[in-house]
Amino acid sequence: MPLGITFLVVRAIVGFLDKSLLLLPDAFQPDRLLGFNIPGLGVVLAVVMVLITGMIMANLLGRRLVVFWESQLARIPLVRTIYSAIKQIMEAVLATDAKSFRKVLLVEYPRKGVWSLAFMTSNDLGEVQDKTIANVISVFIPTTPNPTSGFVLMVPESDVIELDMSVEEGLKMIISMGVVVPNSEAYRKKVQQQHSVE
């Protein structure tokens with residue numbers, strides 16, 4: 001049944017995209033040029049159009065539009081604050097070379113015996129570290145299902161448990177409200193090694 005439904009959905013999409021060829025002028029219709037019908041040609045045309053549009057938008061118009069859009073948003077007081085904060089968070093989370101969100105941790109929060117998923121954001125806390133006795137790290141505890149809001153806590157490094165899951169897997173778990181529990185590759189390998197030692 002899943003295979004049959006998949007086939008029907010794919011066939012419907014291909015058929016729909018093939019109808020997009022009717023938008024071309026009669027002189028450029030593939031059936032007239034080639035003399036026969038090629039199923040799936042609409043899919044190829046759609047992919048090519050999306051790629052060309054993406055290249056034009058990303059390289060020529062896209063950057064100018066983004067700069068113009070951000071300059072307009074910067075003029076609106078409340079929107080400016082919200083937009084810039086969300087943009088900074090997204091850049092920090094999604095940047096491949098970012099130092100933040102390096103590890104997924106378990107932290108006892110909001111009380112002892114209750115565990116929350118957290119992300120390590122920094123272990124270089126400057127003045128905060130100077131004024132605390134224990135070696136502390138900065139962690140971000142996101143709310144669910146919107147991980148852009150949450151709490152920043154400075155907790156002793158000895159009080160956190162580092163998990164093997166990736167940051168992406170941790171975010172999936174938070175966004176899904178704990179429904180999607182990742183079985184990370186690193187964790188599976190660790191379990192296999194423990195079983196092989198036993």
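Mentor: The side chains of K112 and E108 meet in a salt bridge with an N to O distance of 3.5 Å, a salt bridge being a side-chain nitrogen of Lys or Arg within 4 Å of a carboxyl oxygen of Asp or Glu. This is a predicted model, so local features need pLDDT of at least 70 and side-chain atom pairs count only at pLDDT 80 or more, whereas totals for chains, interfaces and linings use all residues. Residues are numbered from 1 along each chain as its sequence is written, and side-chain values use heavy atoms, with hydrogens and water left out.

Trainee: How many salt bridges does a search of the whole structure find?

Mentor: The search finds three. One of them joins E162 and K103 at 3.7 Å, N to O; E162 lies in strand β5 (residues 160-162) and K103 in strand β1, so the pair ties together parts that are 59 residues apart in sequence. In E127 and K131 the closest N and O atoms are 3.3 Å apart, and both of these residues are exposed.

Trainee: What about aromatics, how many pairs are there?

Mentor: The count comes to one aromatic pair, where rings of Phe, Tyr and Trp (its six-membered ring) pair if their centres lie within 6.5 Å, and planes under 30 degrees apart count as stacked, over 60 as edge-to-face and the rest as tilted. The rings of Y109 and F151 have centres 5.7 Å apart and planes at 45 degrees, so the pair is tilted. Y109 lies in the loop between β1 (103-108) and β2 (115-122) and F151 in strand β4 (residues 150-156), so the pair ties together parts that are 42 residues apart in sequence.

Trainee: Switching to S138, which strand is S138 in, and what does the side chain of S138 make a polar contact with?

Mentor: S138 is in strand β3 (residues 136-142), strands being DSSP runs of E with at least two residues and helices runs of H or I with at least four, numbered from the N terminus. Its side chain makes a polar contact of 2.8 Å with the side chain of T121. A polar contact is a pair of N or O atoms within 3.5 Å; within protein, one must be able to donate a hydrogen and the other to accept it, and residues adjacent in sequence count only if both atoms are side-chain atoms. S138 is buried, with a relative accessible area of 6%.

Trainee: And where is S176 found?

Mentor: S176 is found in the loop between α6 (167-175) and α7 (185-197), and a polar atom of its side chain lies 2.9 Å from the backbone oxygen of K172. S176 counts as buried because its relative accessibility is 16%. Just after α6, M177 takes a positive phi of about 60 degrees.

Trainee: Last one, what is the overall pattern along the sequence?

Mentor: The protein has seven helices and five strands, following the pattern α-α-α-α-β-β-α-β-β-β-α-α. Buried residues make up 20% of its 198 residues.

Definitions and conventions
Buried means under 20% relative accessible area, exposed over 50%, partly exposed in between (1.4 Å probe, protein chains only).
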